[in-house]
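Subject: Structure for you to look at

Dear colleague,

Please keep the model open while you read.

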Amino acid sequence: MLSYSSMMIVTLAVGFIPYVFLVLLGNIRKLKSNQDSAEDLTNEIVQDRVKAKPTEQKIDFVGENEGDHLEIGLIQLLYVQSSGNYIEVVYNDGAHVNKSILRNSISNVEELLASYANIYRCHRKYLVNLNRIEEVLGNSQGYRLVMDKDVEDIPVARGKNVEFKAKMAGLHN
């Protein structure tokens with residue numbers, strides 16, 4: 001006869017093994033789906049890059065501190081990252097990737113850039129220039145955006161995956 005503790009262990013094992021299997025199966029499905037979708041988005045980006053015509057629009061970032069000012073071309077902007085009461089503007093001047101820190105909030109910058117269709121808030125910390133995405137990577141958690149070889153990958157919030165795909169489809173049609 002089995003003791004009470006032996007029965008509890010057997011019962012736990014019987015319930016735990018299928019649970020782990022189903023969780024792994026779900027993650028594998030998400031991974032495959034996101035990788036396929038990311039590959040499709042990357043192919044659209046590559047095809048549209050050939051057709052794109054650069055514009056000379058300028059963006060004027062103004063910080064809350066006196067003298068905080070940065071003017072760059074829209075085509076140079078890679079992304080804006082939030083860090084508390086500061087933003088880090090990351091842009092490529094043609095030769096190098098540069099970063100400038102200004103005292104401002106991501107919400108203020110989002111309002112400033114609202115008129116540009118290719119600027120998108122993909123995460124609570126990031127605004128990205130959709131025209132500067134080099135590649136979209138997918139994993140079981142969602143998407144990551146490759147902007148330039150010299151900068152970190154940008155996450156897309158899981159709750160924004162569907163919206164991001166729609167935005168990219170609208171931009172590239």
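In helix α3, the residues Asn161, Phe164 and Met168 are buried, where buried means under 20% relative accessible area, exposed means over 50%, and partly exposed lies in between, with a 1.4 Å probe and protein chains only. Seen down the axis of α3, these buried residues fall within an arc of 60°, so they line one face of the helix; the arc is that of the directions from the helix axis to the C-beta atoms. An α-helix has 3.6 residues a turn, so residues three or four places apart point the same way. On the other side of α3, Val162 and Gly170 are exposed. Helices (H or I, at least four residues) and strands (E, at least two) are DSSP runs, numbered from the N terminus.

Before going further, please note that this is a predicted model, in which local features need pLDDT of at least 70 and side-chain atom pairs count only at pLDDT 80 or more, while totals for chains, interfaces and linings use all residues. Residues are numbered from 1 along each chain as its sequence is written, and side-chain values use heavy atoms, with hydrogens and water left out.

A search of the whole structure finds three aromatic pairs, meaning rings of Phe, Tyr and Trp (its six-membered ring) whose centres lie within 6.5 Å, with planes under 30 degrees apart counted as stacked, over 60 as edge-to-face and the rest as tilted. One of them is the tilted pair of Tyr120 and Phe164, at 6.2 Å centre to centre and 35° between the planes. This pair links distant parts of the chain, since Tyr120 is in strand β6 (residues 119-123) and Phe164 is in helix α3 (residues 161-171), 44 residues apart. The rings of Tyr143 and Phe164 have their centres 5.9 Å apart and their planes at 50°, so this pair is tilted, and it joins strand β9 (residues 142-146) to α3 across 21 residues. Tyr143 counts as buried because its relative accessibility is 4%, and Phe164 is buried with a relative accessible area of 0%. Tyr120, Tyr143 and Phe164 form one aromatic cluster.

Phe164 also belongs to the largest nonpolar core, which has 21 residues, and is among those with the most contacts inside it, together with Tyr79, Ile133, Val136 and Leu145. Such a core is a set of buried Ala, Val, Leu, Ile, Met, Phe, Trp, Tyr and Cys residues joined through side-chain atoms within 4.5 Å.

Best wishes
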